[in-house]
Amino acid sequence: MLISLIHSSHFGNMKTVYPDAEQVPSFWFPLVKKFYQSHYPSGKPNKADPIWVIRNNGKILCAVRLKQFTDAQLLTAMVTEPSHRNMGLGSHLIHNIHNALSTKQSYCFAFSHLVPFYQANHFTVISASILPEELRSRFQAYTSQGRNLTPMRYICDEKYLKST
């Protein structure tokens, strides 16, 4: 199913249609790795974790990794190809992977300037003290390196999804 996203530009409203997100099969891994190297080198993909992408005409436009832990998962390494940023593609990707995000408690460590984006996509700010231990220790390590991160948890009302 194709979903329409509308964004505005100085040329007026443009309608962009993007396909749904796809979970990356193992044989796509070299393409995903190249996408990350080009657009987000610190976002290292891992074959052991589910990676979701949105492609258009065979080209990856947006990707995200769900790093797996014992009782939780961490949405990480979300990146959009630069020429497709600020068009709603990241929101479209998160909406498309709702089922994957709902399989177990899902968290993200949002760069502080991206907190409003994640809040608009059903993540809520939480205290680091309530993170599962595996994630809390990782969060503490990242912030001790000087990264300005905010812990967040995915909470999405099923009624909202049925209305969209």
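**Entry 1: two loops**

I began at N86, which lies in the loop between β6 and α2; helices (DSSP H or I, at least four residues) and strands (E, at least two) are DSSP runs numbered from the N terminus. I noted that the model is predicted, that local features need pLDDT of at least 70 and side-chain atom pairs pLDDT 80 or more, and that totals for chains, interfaces and linings use all residues. Residues are numbered from 1 along each chain as its sequence is written, and side-chain values use heavy atoms, with hydrogens and water left out.

N86 has a positive phi of about 65° although it is not a glycine, and I looked at this because most residues other than glycine have a negative phi. At 78% relative accessibility, N86 counts as exposed (buried is under 20% relative accessible area, exposed over 50%, partly exposed in between, with a 1.4 Å probe and protein chains only). I then turned to N57 in the loop between β4 and β5, where phi is near 55°, again a positive value in a residue that is not glycine. N57 counts as exposed, with 77% relative accessibility.

**Entry 2: the sheet**

In what order do the strands of the open sheet stand? I read the order of its 7 strands as β3-β4-β5-β6-β7-β9-β8, with mixed pairing; two strands pair if DSSP finds at least two bridges between them. β3 (22-23) and β8 (123-125) are at the edges with a single partner strand each, so one side of each has no neighbour in the sheet. I followed β8 to β9, with which it pairs in the antiparallel sense over 3 bridges, and there the bridge partner of T124 is R153 in β9.

I next checked both sides of β6. Towards β5 the strands run antiparallel and are joined by 6 bridges, with T80 of β6 as the bridge partner of C62, and a hairpin of 3 residues connects β5 to β6. Towards β7 the strands run parallel, joined by 4 bridges, and L75 stands opposite C108 in β7. β6 is mostly covered, with 8 of its 9 residues buried.

I picked out Q73, which has its place in strand β6, and found this residue buried at a relative accessible area of 2%. Beyond four places in sequence, Q73 is in contact (heavy atoms within 4.5 Å) with residues including L66, K67, A100, L101, Q105 and Y107.

**Entry 3: helix α1 over the sheet**

Helix α1 (residues 29-39) lies across β4, β5 and β6 and runs at about 100° to β5; axes are lines fitted to C-alpha atoms, for helices over the stretch in contact, with angles from 0 to 180 degrees between N-to-C directions. Outside four places in sequence, F35 is in contact with Y40, I60, L61, C62, A63, V79, T80 and E81. F35 and V79 are 44 residues apart in sequence but 9.3 Å apart in space, C-alpha to C-alpha.

**Entry 4: the cores**

I looked for nonpolar cores, that is, sets of buried Ala, Val, Leu, Ile, Met, Phe, Trp, Tyr and Cys residues joined through side-chain atoms within 4.5 Å. The largest has 25 residues, and L75, L93, I97 and Y118 have the most contacts inside it. Among the elements that give two or more residues to this core are β4 (51-56), β5 (59-68), α2 (89-96), α3 (98-101) and β9 (149-154), and the largest share, 4 residues, comes from β5. Y118 touches L75, M78, I94, C108, A110, F123 and M152, residues up to four places away in sequence not counted.

**Entry 5: the largest pocket**

The largest pocket has a volume of about 940 Å³. On a 1 Å grid over the protein atoms alone, a pocket is an open set of points where a 1.4 Å probe fits, with protein on both sides within 12 Å along at least five of seven lines, and lining residues have an atom within 4 Å of a point; points are joined across faces, edges and corners, and the volume is the space filled by probe spheres set on them. I counted 34 lining residues, of which Y40, A77, M78, F111 and Y118 lie nearest the centre. The elements giving two or more residues to this lining are β5, β6, α2, β7, α4 and α5 (133-144), and β6 gives the most, with 7 residues.
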